[in-house]
Amino acid sequence: MDQSAAEKIAEHVRVLREGDDAAKTAAARGLTDVSHRSQHYYGSIIADAGGIPLLVELLRDGSAGAKESAAQALGVIAWTNASQVLIAEAGGIPPLVDLLRDGSAETKLITAWALAFLSRDNDDNKVLIADAGGIAPLVDLLRDGSASRGAAA
């Protein structure tokens with residue numbers, strides 16, 4: 001990993017810890033952008049920097065836009081099984097299911113993909129999603145014919 005990526009991650013995590021809602025939203029988007037470059041590697045760096053619990057907190061307490069950005073970041077970070085476990089341990093699945101139930105159409109799409117990545121090759125997370133009430137809203141996405149169908153399936 002190059003130094004500039006590590007510095008960007010550290011700065012985004014600092015802003016998640018200390019910023020206002022708008023700054024935290026931008027930081028979550030920044031972590032998504034950094035993670036897209038190499039999901040396997042940077043996701044673990046974000047986790048090591050303490051970013052996962054902060055993203056889960058933003059998912060619970062942020063504005064609608066902040067929640068959407070946090071869901072997208074968690075979905076990208078959830079590429080590896082280790083990160084999937086850390087997100088579940090941080091309590092990320094119930095607020096994702098809440099967002100899937102109550103979010104905008106775009107937010108539901110992003111959240112469905114996040115849950116798909118969280119449950120990929122992770123049976124424990126599949127159970128946690130079901131226990132959090134995630135099956136019914138996923139079935140609703142399948143029924144409504146939206147772009148979320150692939151993620152919901």
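Trainee: Which helix does Gln84 lie in?
Mentor: This is a predicted model, where local features need pLDDT of at least 70 and side-chain atom pairs count only at pLDDT 80 or more, while totals for chains, interfaces and linings use all residues. Residues are numbered from 1 along each chain as its sequence is written, and side-chain values use heavy atoms, with hydrogens and water left out. Helices (H or I, at least four residues) and strands (E, at least two) are DSSP runs, numbered from the N terminus. On that numbering, Gln84 lies in helix H6.

Trainee: Is Gln84 buried or exposed?
Mentor: Buried means under 20% relative accessible area, exposed over 50%, and partly exposed in between (1.4 Å probe, protein chains only). Gln84 has a relative accessible area of 1%, so Gln84 is buried.

Trainee: Which side chain joins that of Gln84 in a polar contact?
Mentor: Take contact first (heavy atoms within 4.5 Å). Leaving aside neighbours within four places in sequence, Gln84 is in contact with Ala78, Trp79, Phe117, Leu118, Arg120, Asn122 and Asn125. A polar contact is a pair of N or O atoms within 3.5 Å; within protein, one must be able to donate a hydrogen and the other to accept it, and residues adjacent in sequence count only if both atoms are side-chain atoms. At 3.3 Å, the side chain of Gln84 is joined to that of Asn122.

Trainee: What is the relative accessibility of Gly92?
Mentor: Gly92 sits in the loop between helix H6 (81-89) and helix H7 (93-102). Not counting residues up to four places away in sequence, Gly92 touches Val56, Leu59 and Ile87. Gly92 counts as buried because its relative accessibility is 0%.

Trainee: What separates the C-alpha atoms of Gly92 and Val56?
Mentor: The two residues are 36 apart along the chain. Their C-alpha atoms are separated by 5.3 Å.

Trainee: At what angle do H4 and H7 pack?
Mentor: Axes are lines fitted to C-alpha atoms, for helices over the stretch in contact, and angles run from 0 to 180 degrees between N-to-C directions. The axes of H4 (residues 51-61) and H7 are 9 Å apart, and the packing angle is about 35°.

Trainee: Which residues in H7 do Val56, Leu59 and Arg60 meet?
Mentor: Val56, Leu59 and Arg60 belong to H4. Their partners in H7 are Pro95, Leu96 and Leu99.
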